[in-house]
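Good morning, and thank you for joining this group meeting. Please look at the model on the screen while I speak.

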Amino acid sequence: MTMSKVRAAAVIVFSGLILGLASAASAQGDGVTLPLNDATQVQPHNVTVTAVNYRGREALEVRLTGPYRGPDTDTFAFIPGLDFHDGTIEVDVAGTPLPSALPGARGFVGVAFRIDAQGSFACESFYVRPTNGRAEDQVRRNHSTQYFSYPGYDFDRLRHEAPGQYESYADLVPGEWTHLRIEVSGATARLYVGAATQPTLIVRDLKRGADAHGTVGLFVDNGTDGHFRNLSVMPR
């Protein structure tokens, strides 16, 4: 390689680093909006991420990888360089059980937030169970949406300690695009599903506490074929 080519390559690498740093700073100060049409926009953690065309829309497909680690754990693809505390998160999701999924799979798909991506990967999360939305069993309908906090507060513990407090009903259809909006303020988070003007689920005691902060991720659980598009994270 000639000296001129070496210099050119160095300029390209340096420019890339500067752009990356600028992008991270912009994400922290002014929020971030991603179409989610490129797998490099997120960093996988215990999941695989593939850019696909799903129902005529560019999207990211997210699936679990490796051995199953139990329900409601750190299985998501997150945005590098983002530090989110309070604000609004919006995204379109579609979840359906994989053909190989166990009978208890529900197409679990949602959003993790305030993720400690530099340490334990502790997080808060809201997700939906699309196959429950129109089930004939009313109890299953009541379990259409879910809050959990990793580690230590999975759906099973929360359901036993405070029945009905951390999950609720929403009209959902497996595989169809559903808009989620999450508003976070201190120890309180509100989940809005679809075009609803009122929250579907309100949690006033986020388990990581009012001061927690971290990045935002695309969450899936066991047996889910999850799709995501149009992510917006706006701090307050």
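**One serine and two spaces**

The side chain of S125 has a polar atom 2.9 Å from the backbone oxygen of V111. This model is predicted, so local features need pLDDT of at least 70 and side-chain atom pairs count only at pLDDT 80 or more, while totals for chains, interfaces and linings use all residues. Residues are numbered from 1 along each chain as its sequence is written, and side-chain values use heavy atoms, with hydrogens and water left out.

S125 belongs to strand β8, residues 123-128; a strand is a DSSP run of E with at least two residues, numbered from the N terminus. Is S125 buried or exposed? S125 is buried, at a relative accessible area of 0%, where buried means under 20% and exposed over 50% (1.4 Å probe, protein chains only). Leaving aside residues up to four places away in sequence, S125 touches V111, A112, F113, Q146, Y147, F148 and F219, with contact meaning heavy atoms within 4.5 Å.

I turn now to the cavity. On a 1 Å grid over the protein atoms alone, a cavity is a set of points where a 1.4 Å probe fits but cannot get out, and lining residues have an atom within 4 Å of a point. There is 1 cavity of 30 Å³ or more. The largest cavity holds about 40 Å³ of space, a volume being the space filled by probe spheres set on the points. Its lining includes V93, A94 and G95, and strand β6 (residues 87-97) contributes the most to that lining, with 3 residues.

Terms used: 1 Å grid on protein atoms, 1.4 Å probe; cavity = no way out; pocket = protein on both sides within 12 Å on 5 of 7 lines; lining within 4 Å. Helix = DSSP H or I, 4+ residues; strand = E, 2+ residues; numbered from the N terminus. Polar contact = N/O pair within 3.5 Å; in protein donor to acceptor, adjacent residues only side chain to side chain.
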